[in-house]
Protein chains: 2
Amino acid sequence: MLLGLFDSGIGGLTVVRELLKRHPRASFVYLGDTARAPYGNKTEETIRQYAIEDAAFLLGQGATHIAVACNTASAVALDALRQTFPRVTFLDVISPTVEAVQNKDKKIGVIGTRATIRSGTYEKELKEKLPDADIYSVACPLFVPIVEENWITQPETKKIVRRYLSPLKQQQIDALILGCTHYPLLQDVIRMSLQKRVRIIDSPSAMLDKIGREIPELITPSDEPRQDYFFTDLSLHTERIASRWLKRNIEGLLATLP
Amino acid sequence: MLLGLFDSGIGGLTVVRELLKRHPRASFVYLGDTARAPYGNKTEETIRQYAIEDAAFLLGQGATHIAVACNTASAVALDALRQTFPRVTFLDVISPTVEAVQNKDKKIGVIGTRATIRSGTYEKELKEKLPDADIYSVACPLFVPIVEENWITQPETKKIVRRYLSPLKQQQIDALILGCTHYPLLQDVIRMSLQKRVRIIDSPSAMLDKIGREIPELITPSDEPRQDYFFTDLSLHTERIASRWLKRNIEGLLATLP
């Protein structure tokens, strides 16, 4: 058994970070498609094609289970992935996040990339679970570049976050779904921009909770864990940000997609 | 003769806008590589490969001259393009911009993407022309996503621009080169963030001036001009932004790269 994870770029490393926090000696292969990042502004056709190529690469690396550590690809490409690779188990990031919503949540905010919000996937899955809840979705296209620029604590970032979230604050939401794996890095600023009582649900934790519950053997520690970080475009900047986020020295490997 | 223009995405449309302002009935084929945009954070190897594929597509469309309407590709991929296609004339956006600098400019600021600034191309060409000038270069990675989000007049945008440009303001520069084809759309905010006397040099105008001077027959009007807009990822969002910038209804064509 080997866990493969992919994302459009470095955002999915927040899932790896959560995994390493829980199981520092788990094995995995990560792929970040930095040569074509970001996915969140692209069309569904293009995102589907990229997701299939990403999965094929991880299968070639020996992955048996693939975690789609990218909300945009989870929202848009999951059916296409399962149809293309019917014998592979795909773990998406959206269903565990929706499962983490509680029945008492009556007003739920969802933030994500343009493609994630436009797909309506969160809205549909939330409505199935909580038919009476009100869902408020907001696309926040600038959050990903802000995180990749590492503008986490800048005063300008606070202003941008406040601007995007102001309709959710006005609606007095009970819970907010961070529907993009980049967003946990902005969690403090996001929290400051909403009422204190708002419960924040982040997808990396929800995804790891579900894997731990359903396939714990996938992330059991080993003496010599394999922990590979592949990127389709490998720059010092990428390695530096990855190392900073994961608090360890990351040496990336260059991936050529099949 | 047919002019082909390419850019990583929609930024190069500022060159088309300048062309149409001067010659509304000129013929051209435009390619925006929106499926892999942006280029500005990627490595030189990846940008070179993409630029070669972009040029090959335009040649397949019948282009005889190719304008690299992207500072990042001009800074990093020009030699590779000329080596790969030795019989094609490539027009870059950097040399005409440097030519537009005046001898009286003693302190010159350059802003661009991370890849453009890191390449040092502007610095090198400016030093050749004006050995005694002081050059101050600043990478502004958030400007492209801000323009693509169409946050042109937002107060948050003013704050972000002011933050990036403050070292240039402190140096009291005489001229500022907008070293990215997206940036002319932020020109008003940029102007407000610097001393009034700073002369702003934008690359689309400089590029068109040079074409008009050296190969005027390339952009002469015809009765039935060919004006094609290809994109590797074609979304409504792209068509809408293109139409707004060019003040005409743009119907995009989907490009599949060779």
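In chain A, an open sheet is built from six strands in the order E4-E3-E1-E2-E9-E10, and its pairing is parallel. Strands (E, at least two residues) and helices (H or I, at least four) are DSSP runs numbered from the N terminus, and two strands pair if DSSP finds at least two bridges between them. Strand E4 (89–91) and strand E10 (253–254) of chain A stand at the edges with a single partner strand each, so one side of each has no neighbour in the sheet. Strand E9 (residues 227–231) of chain A pairs with E10(A) in the parallel sense over two bridges, and A:Phe230 stands opposite A:Leu253 in E10(A).

This is a predicted model, in which local features need pLDDT of at least 70 and side-chain atom pairs count only at pLDDT 80 or more, while totals for chains, interfaces and linings use all residues. Residues are numbered from 1 along each chain as its sequence is written, chains are lettered from A and ligands numbered from 1 in the order in which they are written, and side-chain values use heavy atoms, with hydrogens and water left out.

An open sheet of four strands in chain A has the order E6-E5-E7-E8, again with parallel pairing. Its edges are strand E6 (134–139) and strand E8 (199–202) of chain A; each has a single partner strand, so one side of each is left without a neighbour in the sheet. From one strand to the next, the twist averages 20°. Strand E5 (residues 107–112) and strand E7 (residues 175–178) of chain A are paired in the parallel sense over four bridges, with A:Ile108 opposite A:Ala175 in E7(A). Helix H10 (residues 203–214) of chain A packs on the sheet and touches E7 and E8 of chain A, its direction making about 60° with that of E8(A). Contact means heavy atoms within 4.5 Å; axes are lines fitted to C-alpha atoms, for helices over the stretch in contact, and angles run from 0 to 180 degrees between N-to-C directions.

The axes of helix H2 (residues 44–60) and helix H3 (residues 71–84) of chain A come within 8 Å and cross at roughly 60°. H2(A) and H3(A) are therefore oblique to each other (under 35 degrees counts as roughly parallel, over 145 as roughly antiparallel, 65 to 115 as roughly perpendicular and the rest as oblique). The residues that meet include A:Ile47 and A:Ala51 in H2(A) and A:Val76 and A:Ala80 in H3(A).

Between the chains, helix H8 (residues 155–170) of chain A packs with helix H8 (residues 155–170) of chain B at an angle of about 165°, the axes being 10 Å apart. H8(A) is therefore roughly antiparallel to H8(B). The contact is made by A:Pro155, A:Glu156, A:Lys159, A:Ile160 and A:Arg163 of H8(A) and B:Pro155, B:Glu156, B:Lys159, B:Ile160 and B:Arg163 of H8(B).

Over all chains, 16 aromatic pairs are found. Rings of Phe, Tyr and Trp (its six-membered ring) pair if their centres lie within 6.5 Å; planes under 30 degrees apart count as stacked, over 60 as edge-to-face and the rest as tilted. A:Phe143 and A:Tyr183 form an edge-to-face pair, 5.2 Å centre to centre with 70° between the planes.
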